[in-house]
Amino acid sequence: MEDRIDFIKQKAIEEHIPIIMDDTLEVISQILQKNPPKNILEIGTATGYSAICFSKFLQAGGKIDTIERDKERIETAKINIKEMGLENTINIVEGDAVEILPNINKQYDMIFIDAAKGKYPFFLKEALRLLNTNGIIFADNILYKGYVMSDYNKHKQRTAVRNLREYIKQVTENPNLKTEILEVGDGLAISKFN
Ligand code: SAH
Ligand code: MG
């Protein structure tokens, strides 16, 4: 199985699919190991690599819902998840998370935000609605190649940068959350319900 996960990872890297980085995964794994979630919501499946990695830390009978809008990636993710024997554990929700999230009415112990950077404030609003008490929200790519913490704002990705900064501001100022911003990988925001 480890071989298979490695193959899925290498294939994604070859195809320039921005999967979770090793050090980011390591940080999340350590937190989940101490506090195994019953269910996880992921925004941005890509080919299923991160969901497959997280599934190791679920409580018995735990489940992952993961949202993806790219048809080709969905097909690859389905194959990868089936190959891992995780088709009853990882459920791919197909479509745009902006439309899907408002229709979800379930509570999650962990939410992993890893999709369109310009939508992070919206994803946060929905994540706060869907998070269990004592739940945890991770947001990947929160420092976006260093652009977020620099004063350089003429970059063509400035909408993304503005929204990532807005996300950081909101999680930091929210009195119900305890937030850490880590410089692992492309930046990781960890917000725990206080
Ligand atoms: N979590 C994955 C990587 C996700 S890459 C891993 O670490 O293995 C980000 C993915 O989010 C891309 O596949 C992209 O198609 C998807 N995405 C971006 N914006 C989205 C949206 N609004 N709704 C659904 N999927 C989205
Ligand atoms: Mg990412």
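In the predicted model, the shell of residues around ligand 1 is made up of nine nonpolar, four polar and seven charged residues. The ligand is surrounded by 20 residues in total, and the closest of these are Ile20, Gly44, Glu68, Arg73 and Asp114.

Several polar side chains approach nitrogen atoms of the ligand. Asp114, which is listed among the closest residues, places a polar side-chain atom 2.8 Å from a nitrogen atom of ligand 1. For Ser50, an N or O atom of the side chain is found 2.9 Å from a nitrogen atom of the ligand. In the case of Arg69, the corresponding separation between a side-chain N or O atom and a ligand nitrogen is 3.3 Å. Considered alone, ligand 1 exposes 580 Å², of which the protein buries 93%.

Aromatic side chains were examined next. The structure contains five aromatic pairs. One of them is formed by Tyr120 and Tyr167, whose rings are arranged edge-to-face, with 5.7 Å from centre to centre and an angle of 65° between the planes. Tyr120 belongs to helix 6, which spans residues 120-130, whereas Tyr167 belongs to helix 7, which spans residues 158-173; the pair therefore ties together parts of the protein that are 47 residues apart in sequence.

Note on methods
Residues are numbered from 1 along each chain as its sequence is written. Chains are lettered from A and ligands numbered from 1 in the order in which they are written. This is a predicted model: local features need pLDDT of at least 70, side-chain atom pairs count only at pLDDT 80 or more; totals for chains, interfaces and linings use all residues. Side-chain values use heavy atoms; hydrogens and water are left out. A residue is near a molecule or strand if one of its heavy atoms lies within 4 Å of it. A polar contact is a pair of N or O atoms within 3.5 Å; within protein, one must be able to donate a hydrogen and the other to accept it, and residues adjacent in sequence count only if both atoms are side-chain atoms. Accessible areas come from the Shrake-Rupley method with a 1.4 Å probe; for residues, only the protein chains shown count as cover. Ala, Val, Leu, Ile, Met, Phe, Trp, Tyr, Cys and Pro count as nonpolar, Asp, Glu, Lys and Arg as charged, and the others, Gly among them, as polar. Rings of Phe, Tyr and Trp (its six-membered ring) pair if their centres lie within 6.5 Å; planes under 30 degrees apart count as stacked, over 60 as edge-to-face and the rest as tilted. Helices (H or I, at least four residues) and strands (E, at least two) are DSSP runs, numbered from the N terminus.
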